[in-house]
Every structure is written in structure tokens, then in C-alpha cells.
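Colleague: I would like to learn how to read a model like this one with care, feature by feature. Could we take a few features in turn, with the general idea before the case?

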Amino acid sequence: MARNWLKDLFVGFLRARHLNRHFRRLLLLDSLTQTGVSREVPASLSQVLIQAAKQTPDELLRELESHPDGITDNQAEEIRVRVGNNEIGHEKPLPWWLHLWLAYRNPFNLLLSLLAGVSALTGDDTGALIIGFMVLFSTLLRFWQEMKANKAADALKAMVSNTATVLRRDISTEAAPIFAQYYGVHLQTKTNPPQEIPLKDLVPGDIVLLSAGDMIPADCRLLAAKDLFISQAAMTGESLPVEKYASLKTADQTNPLDLDNIVFMGTNVVSGSATACVIHTGDRTYFGALAQRVTATDHAPTSFQIGVNKVSWLLIRFMMVMAPIVLLLNGFTKGNWTEALLFALSVAVGLTPEMLPMIVTSTLAKGAVILSRKKVIVKRLDAIQNFGAMNVLCTDKTGTLTQDKIILARHVDAFGQESDEVLEHAYLNSYYQTGLKNLLDVAVLEHAEVHQELNPTHNFHKVDEIPFDFNRRRMSVVVSEHGESDRLITKGAVEEILEICTHVQHGAAVELLTPERLAELRTVTRDLNSDGLRVVAVAAKDLPSMRKAYGVADESGLTLIGYIAFLDPPKETTAPALAALAEHGVSVKVLTGDNELVTAKVCADVGLEILGGRVILGGDIERMDDSELSRLVETANVFAKLTPAHKDRVVRLLKARGHVVGFMGDGINDAPALRTADIGISVDTAVDIAKEAADIILLEKSLMVLEEGVLEGRRTFANMLKYIKMTASSNFGNVFSVLIASAFLPFLPLLPLQILTQNLLYDISQTTIPFDNVDAEQIKKPQQWNPADIGRFMIFFGPISSIFDILTFAFLWFVLGATTPAQQSLFQSGWFIEGLLTQTLIVHMIRTAKIPFIQSIAALPLLVMTAVIVAFGIFLPLGPLADTFGMQPLPLIYFAFLPFVILSYVLLTQAMKGFYIRRFGWQ
């Protein structure tokens, strides 16, 4: 990923926005890899971590005044007051003065400030005042819009914020020893159940419980760990997860990242489970020390940001070339160099699109708020444009095409006969596992009658657990019944279970699992899959009760007990949602780890045609090189039995083919693809790592909700594009008019004060663009940023206004006789009104491909603002302020001529628009 924000145009805008905390952490850690920032941290921090790793758990807990059952809420509050919230420095809200400075500091405001200074030095105090007001207006409006956006974003992100699972003691637990020692009173104590608290509320001494999918919330020392694998890729660059232990395996480590029993903020649990004690939080963490070495969190700029930056600097360069030409032209033809300089400065101000950052900010913020009402939470505002540009959506099957309401439909033996024994084994496995409990486990545990019959709390106790991972695709628990021999119970994907089975239970007998028998068993699972049932195999074996710890190597020589089969009914809204997405130019591709038969059945139920009649399997992907797979992903739309690496590879190749790819997922296995996609989409019920990797969070896992979000993203993009097109074409046309007038008139076509006033009124008229309507036809297809289209649009539409400017010049010169410097105020008043009206009305012409005011009407705020600015512009030369601005009332014949000019301008622009649409289309 590229690591370069738009340092010029958007630096203040992007820094002022507080992205989701851990998402920013991921970006920052990733940026360390790309930018070559040193990973060294203060030696004191390294020594503290090494010392914590070498201490015994009791020593560490005693030093932190903690307890194996956690600290109390009162203790936590006292510690938080002392050390602060668990937040990195760059995540904290900016002070208002810094935010105000960042709102001011963009190339346009800096340029205008320079021009204001030059105006003041040359004696044009009024011009300097107006330019200063424009800068103040732009800065304060942007500051206010961003403050609102930040508050809205904070409120939205609070809806999907991550939490940590902690142990907190009851206060009576803490007080019990004191009362017993000094008062002889024995208080009733209890261990509170684990609770979820916001990550920012964690403090040193907290005891946290970790399982697969969790983000590590702070720097922690492991107290207990079972098959714990941590992804430290962003921190160390290692692509493979590293195993962590409760004890220090190598005592002479000098690099904290190599410590076996320390886990770090910003990394995540790939598999396994653990109990850990928080050592450091916030800026005191290893991550916090690294963060202080990076001045900003970088993120790859979107194509829209790059395009806007190019157009912005194009206009600035255009202005920097034209202003000197205007200066020289007027200086040589009029002979008054001071006046020519002021006029050139005013032209430079007029050509500066100083409202662009504010328009972009307010449009994105408004889009995010509207999306939130549609149950779509935007974590990164700049992702809205990609949301609208998305033309391929890759999604999992479960919960998207289906209801995500798993029902345990059948529990059968290996030969398809109903079996309670299978259900009992599955129940014990789900009951005792401490890792990531999915909806399949929940469906099993809902069978309360099994719990009553087995009474696991009395009859069984757990010996050990072998957690799930996506390579093995299975998990095991070891239980002992009444202290007798241990029983290893394993459940998981059918093929992966069959690989470790040597026998099969057939009624009361146990038979050898021969190839012939294996083929027979696969027929049973194939029939279940064909009915749309997701099949999980259950196997077991007895072990002598001589050990306390078991590992993956023990998952061998098992006996297949049978299968549990689950039904996840398709959603009723899926078929219309797929049709709506297709109608709006978004093709859906299903990427699932599930069985191909189940996937095909669900696709058939929701009306999703499998292109080519073939489901592409993970094994097929493994055998293909990138060139072959790239061609396949273009035509295929259903992929099954995929690993996380397969999903990531499919998304990457789709992007390489020029698609804007969205990926929707909620599991640990979806995180790589979520990061690779142009737009990562997850849900608020997803695991931590999936939510952190996503740009968009859905409050409801539904394609219908997603489709509404896509359309709103396109509306937001369309409104931003209106201002950019209008500004580029209007400025381009104004340059022609100024050059022609400067070359032939014996006086200035407009006074510097008049140009500045006209520009200020025009800027004010555009502040309501973010609230405008967008035609349904304009959002029907994905919208992608195309800088070449902006340049072409500018060339086609810019000179149109110059035609009518020249026509107005001719009318003022030949009809009204404004030919001498003594009559220049008449000329200037006439062009001031005509120029302001054509500039203000252009937005209504380019905001739609239809006929404005007839087939497509702008939103009320834009209509009202246009009317106010037009009325004020006409009134200014006629009112009491006319002398102040160097203007004079115009004769009635001018107001008879003005409607003709405006109507002709509208008609010619509409005709050009029709030609342009037929030739190049309309975006």
C-alpha cells in the first residue's frame, strides 16, 4: 500500500478526522514497514518488558497490585486517573486551536493570505479586507463542518467500537481479608463473570481473556495460554503467526518482540486462547513508543483524492501562469502598473478554488451521516467514493445470502441414521471449548435437554483443549467422565476429520475405515449437502488419563461417530437485493469456505446463477498461476472451500483487472481480503480483527442495506463532482474573458474590489451543493474518478461563458456607450451582474444530464441560495453600496438585454451538454 496522504490539499482535513482507533493502529504499524521508520523504542521500555517477562505471575501481579481474578472497578478508576485512558497520542481529539490551524492550512488559503498581504502592502486595504474575509469564511466554515463531522463520526464509531473481555473482582472480594484479620468478620465473596469493557477503559493490572479473532488491547504478560498464535506481521514484518506461551522459553532475549510470554497492542490472535495481565496502556505501550516516531498516520490515497489533487494544482498552476500575463497585459496597455497589479491579484483570487476543501469535507460528512441512517457506519470518510465506485462485490454466503440463523437440523451417525450419541459428543465439544464460539456451537448448545441428560458440570470435567485454526479446520476438547479415562472429542470440516480417522462407529460396533467404506460415507455427506445442509463431522478416541496437556499430534487414529447438519435458510430479501445490485452495475461473487454442494444449493435458492455451471474450489485455485486465475475470476462468480489466502488472492486479481472491488466479511479468515479490497465491509457483530480491517461497518448484515449504502456513496461523489466540474469550467472561461477585455479595453473590465466581491458571492452560493439532489440515472452505474473527463469537460464548457461575456462587452460598448475611463463604472456594473449570474447558474446546468428546472430540479437549499445571490448581485449596483464598490445603476435597456443573454447561455450550454453526452457520456 502506498503511504502518502495528499499532503497539500487534504492534510488538515484528514488529520482532523479521527478514524477508528485500531484501524488507525493497523495503518500506522503497516506504515512503519513501508516508510522504513526505525522500530527501536526507548531502552527503558524494552527493559521493563523484559523484566515483566522474567517475573513469575505472582511477582507481576503483586507489583501491579492485581489479582488472578482481576482488579476492582474502584482500583481501575484510581489507576486510570493516574495513567490516563488506553489511547495512543495521535488518537486523542485535537485541541480546537490546532484543528483551526489545520482547517486554515491548505494551499488555497495560504495563497489567498499571500495575496491579501500584497494587497495591503500596495495600499489596497479594502481588497485585503475582502480577501481576508474570504479566508476567514472558508476556514471557519470548514472548521465548523469538520467539528460536526467529528462529533457525528465519534457517535457512529461508538456504535461499533471494540471491547476487551476482562475479569473484575467485586469490592467485597478485596475487602474480605482485611475484615477477617481485623474484625473477625467473614464476608461473602464471589468471582464475577467476565465482562466486556471499552478498550480505552483498560488499565495496567487488568486481567484480560483472549481468544481467536481478538485484537490485543494493550501490552500484556501472558498468565495462561493454550495453542496461542499471534499475528505480529504489522509489527515485525513476519507473515507467519508466532506461538506465545505463558512461560519464557528463552531467558536471554534482548528484543521485546521476541519475548515468548509478552503480547503487544495492535497485534491480533489468530488461534488459541489465553489469560493475560495488562502491563502498559496507551502511549506507554510498545506501539505507543513507535507511534511517536511517525508524524502522521498514512493511508493510500483513493483515486478520487489523487484526482482532486491533480485538478487543484492544475488550477493553481493555471492561475500562476495567467496572473502574470494579466498583469503585463494591463500594465502595458493601461500604463498604471499599481492598478494592474491589484487587478492581477484579484484575478488570481478569482481563479483559486478556495471552497474546494470545505465542499469535499461537508459532502463526505453529510454522506456519512445519511449512510448511518441507512444502518451503514463509515469508519473512513474517504472510502465513500470507493463505495460508490464499487463494481464487484465479493461476499461470504453465511448471513449475506442466508439468514445467519443456524438451526441444528439433523444429528446422524456416519451412515445417515438419527443418533443421539453424535449430539451428545458435539454438545460436550461445544460446551467446553473456550475459543471462538460460532453460530454452529450456539445452535448445538440450545439443546437444553442434552445438558440435563449429560449434566456436564457434575459428570465431566475438562482436561484440555486444542483450539480451532483455519489450516486444520477442526477443534478438539479432552474431557474426563468421573475421573476415568480421558476422551478426545473432535469436530470440524468433513474432509479434515476423515483425514484423521482410522475407524468408524456402526451401531454398537467399531469398524475399520476402508476406502470402500469411506466412499460410502461420503455419499451420506453429499446427500446432506445437496439438501442445503452444512455438515460438521464428529469423531472421538479414548486416551489414558495420564496427561494434563494435549496437542495437534493427538488428533490421529480417531473413530468417526457421525455428523451434525445445520440449516441456514436463505433470506427473502436476497433475491431482490441481488437484482438491485445488478441493475446498478455491481456484480456479486460468492467467496466462501463452505462446501460446494451447500453453496450451490443456497445460490439456487436465492436465484444467483452460477456462471459456467461450475463452482470454483480452493483446490482449483491452488493449481492455477496468477495469469490463469486472473482470467477465471473475471468469468466465475461462485467460489467454495476457500482459505483466507484464496480469498485474498481472488480479490487482488480482480483489482489487477481494473475492478473496484468490495469485500464483505465478518470472520477471522476474512481479514486479509478485507484489507486488500478497495472497500472493506464488515458488520457490527464481526470479530475484532474483521471490524478493524473494514472501511464500512453495517449494522445489519444484508445485501439490501449494502445496496442502499452504495447508492448514497454515489450521490455523495456526484455532488463533489458538480463543484469540481463547475469550478474548473467556470475558471477556464473567466480567463478567456479577462484576457480579451484586458487586451481591448482602455480601462479595467472589473475593479479588484468587484472581482473579489463577485468571487465571494459565488463561493457563498456553492455552500449548499452537498445538500443537492442527484438524478436516479446518475447513480445507476458505478462512478469512478476520471481526471481526463474533467479536463475535457473544462475545454468544452469553459469557453461558452466567454462567448456571452464578449456579447455583453459588445452591448456595453456599442449600445450603452461605455467606451471611456469616465464610463468604466457602467461597463463594470454590467459585466459584474452578467458574470455573477452565469457563474451562479452554471451549477444548475451541469448538475444534471436532463433539462434543468424542468426535468430535474435542484434541492431547495441550492435553489434558495442561488436566488438570494442572484438578487443580491443585481441589487448591489442599484443600492446604497454602489459607490462603495465603484458601481452605478444600469439603464432599463440593460435589464431587457440581460434575460436574452442568460437564456441564450442556458440554451447553448444545454445544446453543448446534449452533444457532450452523446459523444462522451455523462457522469
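Colleague: Let me begin with a single side chain: does Ser 825 count as buried or exposed, and why?

Modeller: Please keep in mind throughout that this is a predicted model. The general idea is to compare the relative accessibility of a residue with a cut-off, and buried means under 20%. Ser 825 has a relative accessibility of 18%, and therefore it counts as buried.

Colleague: Where does Ser 825 lie, and which residues does it touch beyond those up to four places away in sequence?

Modeller: Ser 825 lies in helix 32, and, leaving aside residues up to four places away in sequence, it touches Gly 886, Met 887 and Gln 888. With Gln 888 there is also a polar contact of 2.5 Å, which joins the two side chains.

Colleague: Turning to strands, why can strand 4 be called largely enclosed by the rest of the structure?

Modeller: Here one looks at burial along the strand and then at its partners. Strand 4 (residues 207–211) is largely enclosed by the rest of the structure because four of its five residues are buried. It pairs with strand 2 (residues 163–169) in the antiparallel sense over three bridges, and Leu 209 in strand 4 is the bridge partner of Thr 165. Strand 4 also pairs with strand 8 (residues 268–280), again in the antiparallel sense, over five bridges, where Ala 274 in strand 8 is the bridge partner of Leu 210.

Colleague: In what order do the eight strands of the open sheet run?

Modeller: The eight strands form an open sheet in the order 9-24-23-22-10-19-21-20, with mixed pairing. Its edge strands are strand 9 (376–378) and strand 20 (616–617), each of which pairs on one side only. Helix 23 (residues 596–605) packs on the sheet, touching strand 19 (587–591), strand 20 and strand 21 (638–640), and its direction makes about 150 degrees with that of strand 21. Within the sheet, strand 23 (residues 679–683) and strand 24 (residues 696–698) run parallel and are joined by three bridges, with Ile 696 in strand 24 as the bridge partner of Ile 681.

Colleague: Finally, over which residues does the pLDDT stay under 50?

Modeller: The general idea is that where pLDDT is low, the predicted coordinates should not be read in detail. In this protein chain the mean pLDDT is 82, and 86% of the residues reach 70 or more. Over residues 1–39, however, pLDDT stays under 50, although the model has 141 contacts beyond four places in sequence for them. The pLDDT is also below 50 over residues 294–299, a stretch with 23 contacts in the model beyond near neighbours in sequence.

Terms used: Residues are numbered from 1 along each chain as its sequence is written. This is a predicted model: local features need pLDDT of at least 70, side-chain atom pairs count only at pLDDT 80 or more; totals for chains, interfaces and linings use all residues. Side-chain values use heavy atoms; hydrogens and water are left out. Two strands pair if DSSP finds at least two bridges between them. Helices (H or I, at least four residues) and strands (E, at least two) are DSSP runs, numbered from the N terminus. Contact means heavy atoms within 4.5 Å. Axes are lines fitted to C-alpha atoms, for helices over the stretch in contact, and angles run from 0 to 180 degrees between N-to-C directions. pLDDT is the predictor's confidence in each residue, from 0 to 100. Buried means under 20% relative accessible area, exposed over 50%, partly exposed in between (1.4 Å probe, protein chains only). A polar contact is a pair of N or O atoms within 3.5 Å; within protein, one must be able to donate a hydrogen and the other to accept it, and residues adjacent in sequence count only if both atoms are side-chain atoms.
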